[in-house]
Amino acid sequence: QVHIVESGGGLVQPGGSLTLSCAALSGNFGIYSLQWYRQPPGKERELVAAISPAGQRTTYVDSVKGRFTISRQNTRNLGFLRMTSLNDEDTAVYYCALARGLGAEPTDWGQGTQVTISS
């Protein structure tokens, strides 16, 4: 089991940018695919982006393509989600997760970080 913690959420104006971080505090971070999920208010959680263990492959949900970028630094046990051109539909609790494949069910979850887009 890997203990992971997200950070970087907050209140951002429409059109703004934000970078979320995911830190693995234990376990072997580099063998897992890294995923970012989000759960908007009153809606189901969805997979937003994922990156393979060595970072060669990425995948994004259509609604964030061209605006969000997922990355990782295995030497520092860190993952990131760079979000740009944010709009109110991006308001959600964002979760970092680790899985055995890009689209696989997570084995480990972070506690979530709130991102609110509002003027």
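Visitor: Where does Ile-31 lie?
Guide: Ile-31 sits in the loop between β3 (18-24) and β4. Strands here are DSSP runs of E with at least two residues, and helices are runs of H or I with at least four residues, numbered from the N terminus. This is a predicted model, in which local features need pLDDT of at least 70, side-chain atom pairs count only at pLDDT 80 or more, and totals for chains, interfaces and linings use all residues. Residues are numbered from 1 along each chain as its sequence is written, and side-chain values use heavy atoms, with hydrogens and water left out.

Visitor: Which residues does Ile-31 touch?
Guide: Not counting residues up to four places away in sequence, Ile-31 touches Pro-53 and Arg-100. A contact means heavy atoms within 4.5 Å. Ile-31 and Arg-100 are 69 residues apart in sequence, while their C-alpha atoms are 7.9 Å apart in space.

Visitor: How is Ile-31 classed by accessibility?
Guide: Ile-31 counts as partly exposed, at 39% relative accessibility. Buried means under 20% relative accessible area, exposed means over 50%, and partly exposed is in between, with a 1.4 Å probe and protein chains only.

Visitor: Let us turn to another residue. Where is Thr-58 found, and what is it in contact with?
Guide: Thr-58 belongs to strand β6 (residues 58-60). Leaving aside neighbours within four places in sequence, Thr-58 is in contact with Ala-50, Ile-51 and Ile-70. Thr-58 is partly exposed, with a relative accessible area of 39%.

Visitor: What about the chain as a whole: how many helices and strands does it have?
Guide: The protein chain has 0 helices and 11 strands. Buried residues make up 45% of its 119 residues.

Visitor: What are its dimensions?
Guide: Along the principal axes, the C-alpha atoms fill a box of roughly 40 × 25 × 25 Å. A compact globule with 119 residues would have a radius of gyration near 14 Å, and the protein chain agrees with this at 13 Å. The radius is taken over C-alpha atoms, and the globule rule is 2.2 Å times the number of residues to the power 0.38.

Visitor: A new topic, then. How many salt bridges are there?
Guide: The count comes to 4 salt bridges. A salt bridge is a side-chain nitrogen of Lys or Arg within 4 Å of a carboxyl oxygen of Asp or Glu.

Visitor: Why can such side chains pair?
Guide: Side chains of opposite charge can pair when their charged atoms come close.

Visitor: Which residue forms a salt bridge with Glu-46?
Guide: Glu-46 pairs with Arg-38, and the closest N and O atoms are 2.8 Å apart. Glu-46 is partly exposed, with a relative accessible area of 27%, whereas Arg-38 is buried, at 4%.

Visitor: And what joins Asp-90 to Arg-38?
Guide: Their side chains meet in a salt bridge of 2.9 Å, N to O. Asp-90 lies in the loop between β8 (78-83) and β9 (92-99) and Arg-38 in strand β4 (residues 33-39), so the pair ties together parts that are 52 residues apart in sequence. Both Asp-90 and Arg-38 are buried.

Visitor: Which residue pairs with Lys-65 in a salt bridge?
Guide: Lys-65 forms a salt bridge with Asp-62, with the closest N and O atoms 3.0 Å apart. Asp-62 counts as exposed, at 61% relative accessibility.

Visitor: Which residues do shared partners join into one network?
Guide: Salt bridges that share partners join Arg-38, Glu-46, Arg-67 and Asp-90 into one network.
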